[in-house]
Amino acid sequence: MKKLLIVLASMLVLSGCGTVPLTGRRQILLVSDQDVLSSSLTQYRDYMKTAPKSASTQWSNMVTRVGKKIADATERYLRANGLAAEVKDFSWEFNLVKDDQVNAFCMPGGKIVVYEGLMKIVSSDDELAVVLGHEVAHAVAKHSNERMSQQVLAQYGAQILNRSLSEKSAAVQKLAGTVYGIGTQVGVMLPFSRKHESEADYMGLILMKMAGYNPDVAVGFWQKMSAGTTGTVPALLSTHPSDAQRIKDIQKALPTIKANY
Ligand SMILES: [Zn+2]
């Protein structure tokens, strides 16, 4: 058993390891970036075919304005830190969907979707940047790849690593739906783990600061969200639990982020 575990572990190491930008956390990535991009793009396009576009020019402009600034800051950071190769994976799109859910997400490759319900709660570009910085951070940190890698391992075990590239791609395509869940669920990405959430919080604050926004509004924003202004729990919170610990972590990280970025 022990031997098997050692073999398995070394295969994992051989097949793909990454380092998360800004946090330096080591991560296991078994799926190629190309497979993640193509499978998520299929999900995204299917979803956008049926998603009704918002009629609000003012809100749409706000999403594009804030989204672009965060996208620019993200690319600047990647280029300046020897990660220019990662930039080519991003082909940014900014969408505002007519839907009262309080939600937003960013697919791998930089496909940003914001729901009108969220726009009713955000009161400034800074507050929108809190959400978009966080969502873009999930994409930059390749959290989807990590989740897909876990799914691939759970479903196929280590033998997947020995299969041909095309067999691996087919397996990933099949599993993409269970990772994203958009279209099949409520049009949201399935919940990330707590570790991924706090990492995205931390990175998101840095990205928004780099984009010229004020990260101090983050604490008040998440408090406002968890206070449940709409009477029901916002969809964003079902995937992004905003408990006291989360807010404490943000408060703790803010002074360092403001001093260093
Ligand atoms: Zn998140």
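Buried denotes under 20% relative accessible area, exposed over 50%, and partly exposed in between (1.4 Å probe, protein chains only). The model is predicted: local features need pLDDT of at least 70, side-chain atom pairs count only at pLDDT 80 or more, and totals for chains, interfaces and linings use all residues. Residues are numbered from 1 along each chain as its sequence is written, and side-chain values use heavy atoms, leaving out hydrogens and water.

Both Phe221 and Trp222 are buried. Four aromatic pairs occur in the structure. Rings of Phe, Tyr and Trp (its six-membered ring) pair if their centres lie within 6.5 Å; planes under 30 degrees apart are stacked, over 60 edge-to-face, the rest tilted. The ring centres of Phe221 and Trp222 are 5.3 Å apart and the planes stand at 70 degrees, so this pair is edge-to-face. Tyr47, Phe105 and Tyr115 make up one aromatic cluster.

Charges also sit over rings (NZ of Lys or CZ of Arg within 6 Å of the ring centre and within 35 degrees of the ring normal). Arg246 lies over the face of Trp222, 3.9 Å from the ring centre. The charged end of Lys69 sits over the Tyr213 ring, at 4.8 Å from its centre.

An open sheet is formed by three strands in the order β3-β5-β4, with mixed pairing. Strands (E, at least two residues) are DSSP runs, numbered from the N terminus, as are helices (H or I, at least four); two strands pair if DSSP finds at least two bridges between them. The edge strands, β3 (93-97) and β4 (104-107), each pair on one side only. β3 pairs with β5 (residues 111-115) in the parallel sense over five bridges. Glu93 has Lys111 in β5 as its bridge partner.
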